[in-house]
Amino acid sequence: MKIAKIIGIIISITAISAISFWIGQQAYSWLPPEAAAESQLVDNLISFLVTLGSFIFLGITGTLTYSLLFHRAQKNDLSDGPNIKGSITLEIVWTAIPILLVLWIANYSYQIYDQMGIREPIESMHTPEIMKLAYASPQEESYQHVEDIEVIAKQWAWVFHYPERNITSTELHLPTGYRIHLSLTSEDVLHGFYIPAFRVKQDIIPNKILDFEFTPIRKGKYLLTDSQYSGTYFATMQADVVVESTDDFHNWLAKAANHKLHPANNQAASEYAYLSSQPVKSGWVTVVPANPPMVNYDRSKDSY
């Protein structure tokens with residue numbers, strides 16, 4: 001009988017493990033497409049956490065269900081249960097297992113962040129004497145670095161400046177397969193540089209320049225949004241991120257360079273100007289949006 005119970009436990013653990021692994025693999029489909037090397041690392045971590053969480057959930061609920069079905073008191077049985085004083089061994093086991101799990105998760109998470117080159121804002125601050133380059137994985141050391149791109153965040157617009165061509169745009173264009181280096185700065189308040197498809201996020205500190213790197217690996221158009229609440233119109237602070245081939249990227253740079261600077265379309269500034277022109281003022285008093293940035297390229301005004 002004891003052997004049968006042991007075999008039953010082994011079969012149950014194997015089944016729960018298989019189901020948990022399957023659920024963990026489904027986690028990849030719950031997320032946006034993997035558009036950067038960093039996204040692969042983050043998705044692996046999320047899949048691992050979902051697998052582990054599923055195993056714990058199924059194990060606990062399975063044990064409770066088994067107890068309810070097969071260890072219930074008989075009808076009209078009002079007698080006391082067995083006098084159990086406790087088990088030091090059991091208490092040590094169920095204390096040690098969560099501690100080991102937490103250390104396992106912490107170590108794996110640290111390895112992922114270390115490979116991604118995640119640094120604290122103070123470490124990321126740009127100084128002319130110190131330039132730290134972070135790689136998403138050792139295999140990426142062969143990736144070429146694209147020119148530094150300056151990213152300016154302000155209430156409420158994203159502005160991207162390519163200094164080598166002296167091009168300014170409200171749309172971020174990047175070549176695929178290159179290690180991208182950004183210099184992030186804010187002109188007013190705290191903002192957050194966040195591209196869900198890349199799984200990268202960096203808080204931007206006012207009047208500081210922060211170095212930030214990632215590697216796009218999938219062509220397409222993705223969304224950049226402000227992950228920090230930065231005021232009334234922060235929901236309008238979005239920009240397209242276009243990942244394209246090297247040839248298309250350089251063609252875009254050449255075309256944009258031929259355009260003269262002009263005011264970009266800015267939803268926050270337009271809405272504020274409209275509301276300010278109304279005879280009856282309504283709503284909360286808000287910060288006056290910054291003037292629309294002067295750019296060479298603005299998707300809403302250019303046809304290419």
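**Entry 1: the surface patch**

I began at the surface and found a nonpolar patch made of Ile9, Ile13, Phe55, Ile56, Ile60 and Leu64, with about 540 Å² of accessible area together. I note that the model is a predicted one. I then looked up which elements supply two or more residues to the patch: they are helix 1 (2-26) and helix 2 (37-70). Helix 2 gives the most, with four residues.

I picked Ile13, which is found in helix 1. Is Ile13 buried, partly exposed or exposed? Its relative accessible area is 44%. Buried means under 20% and exposed means over 50%, so Ile13 counts as partly exposed.

I found an open sheet of five strands, in the order 3-2-1-5-8, and its pairing is mixed. Which strands form the edges? They are strand 3 (167-169) and strand 8 (210-214), each of which pairs on one side only. Neighbouring strands in this sheet are turned by 25 degrees against each other on average, with direction ignored.

I also looked up what packs on the sheet. Helix 5 (residues 246-257) does, touching strand 2 (157-162) and strand 3. The direction of helix 5 makes about 100 degrees with that of strand 3.

**Entry 2: one strand pair**

I reminded myself that strands of a sheet pair through backbone hydrogen bonds, either parallel or antiparallel. In which sense do strand 5 (residues 180-186) and strand 8 pair? They are antiparallel, and the pairing runs over five bridges. Within this pair I located His181, which stands opposite Glu213 in strand 8.

Technical notes. Residues are numbered from 1 along each chain as its sequence is written. This is a predicted model: local features need pLDDT of at least 70, side-chain atom pairs count only at pLDDT 80 or more; totals for chains, interfaces and linings use all residues. Side-chain values use heavy atoms; hydrogens and water are left out. Two strands pair if DSSP finds at least two bridges between them. Axes are lines fitted to C-alpha atoms, for helices over the stretch in contact, and angles run from 0 to 180 degrees between N-to-C directions. Contact means heavy atoms within 4.5 Å. Patches are made of residues with over 30% relative accessible area and no salt bridge: like charges are joined within 9 Å, nonpolar side chains (Val, Leu, Ile, Met, Phe, Trp, Tyr) within 5 Å. Accessible areas come from the Shrake-Rupley method with a 1.4 Å probe; for residues, only the protein chains shown count as cover. A salt bridge is a side-chain nitrogen of Lys or Arg within 4 Å of a carboxyl oxygen of Asp or Glu. Buried means under 20% relative accessible area, exposed over 50%, partly exposed in between (1.4 Å probe, protein chains only).
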